Amino acid sequence: MHIVEILQRWTESNAFFTWLRESPSVWAYPFVFFVHTLGLLFAAGASVIIDARLLGAARRLPVAPFARFYKAIWVGIVFTVLSGAVMLVSDLQTKLMNPLFPVKMLFVVVAIVLTALLRRRITSVDDAESTVSPRMRALAALSLLCWLGAIASGKFAAYF
Amino acid sequence: MKSWWLVPFCKTLHYFGITVLVGIVGLVDLRIFGVAKGLPVRPLQRLMPWAVVSFLVAAASGYALLRINPANSLGPPVNIAFAAKMALLVLIGLNDILYFATRLKRQVDGVGAGQSTSASAKIVATVSIILWIGVVYWSRMLTFLAGAI
């Protein structure tokens, strides 16, 4: 817990984090939270729809062109992770003590890794063949589960 | 006595609905802007009924949350963020009606793989994205102004 203590001490004395925690301004904590929500909704939303396509929804859509959406998905992920890190550091002890926090982090990390894996494989899907490989469908199903799991554990964490 | 899990459960459902909705709206709007031109628009827009279903899930769970804690949104005084969110949702509805009633949707359906959409379709998509970002913003502010963040 040494690093946690050092970080904690730093954020307690740091002007930015003090402002973020204590300011009633809508540009403080609420705005960072808004960025977090917006980034997550887009990244998770777009991923879930791509997962659904890989799992067999909207079969008339070719799969390979979906690769072009990933730049926007990564932008969403970066905004979500950065704003999440800022909120985490500003209230480190409380969040680390939450029993759902590691659960949420596990979902998030796996979801992000799967985003990279799916992005790499999606371009090589042959749209002349009507089915997506079972392996890729398994990755898509796991991705869907992880994004929804991240959202659910994030919501429930506030009530623990 | 209300169960402790009722509110987070409704919020989770609310988020699931919005996630699918934002996914469909976001991808359709991006395609209209010209991202992922390899996708023909018609089969992409055929996902729209699912956007309606996910909107209904979000609306039903949102209504449940409103009934559980009416003061958060309705006050008195009425929460400005709640009023702004509802107003933006009405504008989104009008934008959608415009999209369908002017047959713009049908025109966009005809846009095949590799083709670009019209300027009017891009305007409607821009309005859609701005309004949805506003809905997310005021939803965040809603809990904050209600002191329930």
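Mentor: Start with A:Ala150, a residue in helix H7 of chain A. Keep in mind that this is a predicted model.

Trainee: Why is A:Ala150 called buried?

Mentor: A residue counts as buried when 20 or more other C-beta atoms lie within 10 Å of its own. A:Ala150 has 24 other C-beta atoms within 10 Å, so A:Ala150 is buried.

Trainee: Which residues does A:Ala150 touch, leaving aside those up to four places away in sequence?

Mentor: A:Ala150 touches A:Lys104, A:Phe107, A:Val108 and A:Ala111. To be in contact, two residues need C-beta atoms within 7 Å.

Trainee: How far from A:Ala150 is A:Trp27?

Mentor: Their C-alpha atoms are separated by 25 Å, and the two residues are 123 residues apart along the chain.

Trainee: What makes up chain A as a whole?

Mentor: Chain A has seven helices and zero strands. Of its 160 residues, 36% count as buried. Among the contacts in chain A with a separation of 6 or more, 84% are between residues 24 or more positions apart. Its C-alpha trace spans about 60 × 30 × 25 Å along the principal axes.

Trainee: What about the elements of chain B?

Mentor: Chain B has seven helices and zero strands. Buried residues account for 36% of its 149 residues. Its C-alpha atoms fill a box of roughly 55 × 25 × 25 Å along the principal axes.

Trainee: How do you know that the length of H1(B) agrees with its number of residues?

Mentor: The expected span is 1.5 Å times one less than the number of residues. For the 28 residues of H1(B) that should come to 40 Å, and the end C-alpha atoms are 40 Å apart, so the two agree. Just after H1(B), B:Gly34 takes a positive phi of about 110 degrees.

Trainee: Why is H1(B) described as mostly covered?

Mentor: The cut-off is again 20 or more other C-beta atoms within 10 Å. In H1(B), 20 of its 28 residues are buried, so by that cut-off the helix is mostly covered.

Trainee: Which elements of chain B touch chain A?

Mentor: In total, 31 residues of chain B are in contact with 30 residues of chain A. Helices H1 (6-33), H2 (41-45) and H7 (119-145) of chain B each give two or more residues to that side. H1(B) gives the most, with 15 residues. The residues on that side of chain B divide into 23 nonpolar, five polar and three charged.

Trainee: How do H7(A) and H1(B) cross?

Mentor: Their axes come within 9 Å and cross at roughly 145 degrees. The crossing is right-handed. Among the residues that meet there are A:Leu148, A:Ile151 and A:Phe156 in H7(A), and B:Pro8, B:Tyr15 and B:Phe16 in H1(B). The contact's residues divide into seven nonpolar, two polar and two charged.

Trainee: Which residues of the largest nonpolar core touch the most other members?

Mentor: They are A:Trp147 and B:Ile24, in a core of 71 residues. Helix H3 (residues 29-54) of chain A gives the most to this core, with 13 residues. Not counting residues up to four places away in sequence, B:Ile24 touches A:Ile49 as well as B:Leu47, B:Met48, B:Trp50 and B:Ala51.

Notes. Residues are numbered from 1 along each chain as its sequence is written. Chains are lettered from A and ligands numbered from 1 in the order in which they are written. This is a predicted model: local features need pLDDT of at least 70, side-chain atom pairs count only at pLDDT 80 or more; totals for chains, interfaces and linings use all residues. Helices (H or I, at least four residues) and strands (E, at least two) are DSSP runs, numbered from the N terminus. Ala, Val, Leu, Ile, Met, Phe, Trp, Tyr, Cys and Pro count as nonpolar, Asp, Glu, Lys and Arg as charged, and the others, Gly among them, as polar. A residue is buried if 20 or more other C-beta atoms lie within 10 Å of its own, exposed if 12 or fewer, and partly exposed in between; C-beta atoms are placed from the backbone. A nonpolar core is a set of buried Ala, Val, Leu, Ile, Met, Phe, Trp, Tyr and Cys residues joined through C-beta atoms within 7 Å. Axes are lines fitted to C-alpha atoms, for helices over the stretch in contact, and angles run from 0 to 180 degrees between N-to-C directions. A crossing is left-handed if the near helix is turned anticlockwise from the far one by less than a right angle, and right-handed if clockwise.
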